[in-house]
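Hi everyone, thanks for coming. Let's have a look at the model together, and then I'll walk you through a few spots in it.

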Amino acid sequence: MIYVDAGTSFSKIIEIGEDGLKTTRILPSDELGALQIKFDAAAGHSAKNYLKQGAKLENEIIALALGTKKLVPELKDGTILDIGSRDTKWVKFENGKYRELDWNSACASATGATIEMICKFYNINSDELRAVKERFPVTCGVFGMEKIMDEISKTKKPDAAVAKYIHGIAFNAWNFAQKPDVIYLSGGFCENGCFVDALANYCTVVKLGRFVLVEGLF
């Protein structure tokens, strides 16, 4: 059996062999078609193109909730936050049960993809970025870009400007998720130390990794 979270930028795949062993894989989504694989269940922006006949296409936020409960079965109270290339979504649990959710595909759009593009443009290794105390007032990945350019024109320090931008995204995401004390973080931002450290200024951060939605498919 094989499952996929086909995101805008990257696709996350879990395959379970006949022996029960699980293998995982991440690849750019524009390479997914070349695999010529049809999946047993899928979620994500382009998932419907790669399903077996009659296979399940799951809503992303449901997959996020189910995947988190699977990975953290002891979870009673907490908020799960997932920031993708083009949207931000969260699910809140109280006493082990679903309480509420939200999904912002407008003001939070392009946050993940924008950081990738900015780091590439300024030749910045995102793994080497360090969180800073200052932040830009970022309400959207696109609108926040002008702050970066203004800062660089003054200081000539792209790393510091991008770190402030990422801090702004972290603060905005925490506000959007209704300022929880604990955030279970899903998605590629788990691997961005600058973002995780900035978010930790406001709440406890528990990283769940990039396969949460896929885990919610089986």
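Not counting residues up to four places away in sequence, arginine 210 touches Phe10, Lys12, Ile26, Gly187, Gly188 and Glu191, where contact means heavy atoms within 4.5 Å. Before I go on: this is a predicted model, so local features need pLDDT of at least 70 and side-chain atom pairs count only at pLDDT 80 or more, while totals for chains, interfaces and linings use all residues. Residues are numbered from 1 along each chain as its sequence is written, and side-chain values use heavy atoms, with hydrogens and water left out.

Back to arginine 210, which sits in the loop between strand 10 (204-209) and helix 6 (212-215). Helices (H or I, at least four residues) and strands (E, at least two) are DSSP runs, numbered from the N terminus. Is arginine 210 buried or exposed? It counts as buried, because its relative accessibility is 17%; buried means under 20% relative accessible area, with a 1.4 Å probe and protein chains only.

Now to helix 4, where we find histidine 167. Histidine 167 is buried too, at 1% relative accessibility. Among the residues it touches, leaving aside those up to four places away in sequence, are Val132, Arg135 and Tyr202.

Last stop, helix 3 (residues 145-155): its buried residues are Ile148, Glu151 and Ile152. They cover an arc of only 100° around the axis, which puts them on the same side of helix 3; the arc is that of the directions from the helix axis to the C-beta atoms. These buried residues pack against helix 2 (111-121) and helix 4 (158-176).

Methods: Buried means under 20% relative accessible area, exposed over 50%, partly exposed in between (1.4 Å probe, protein chains only).
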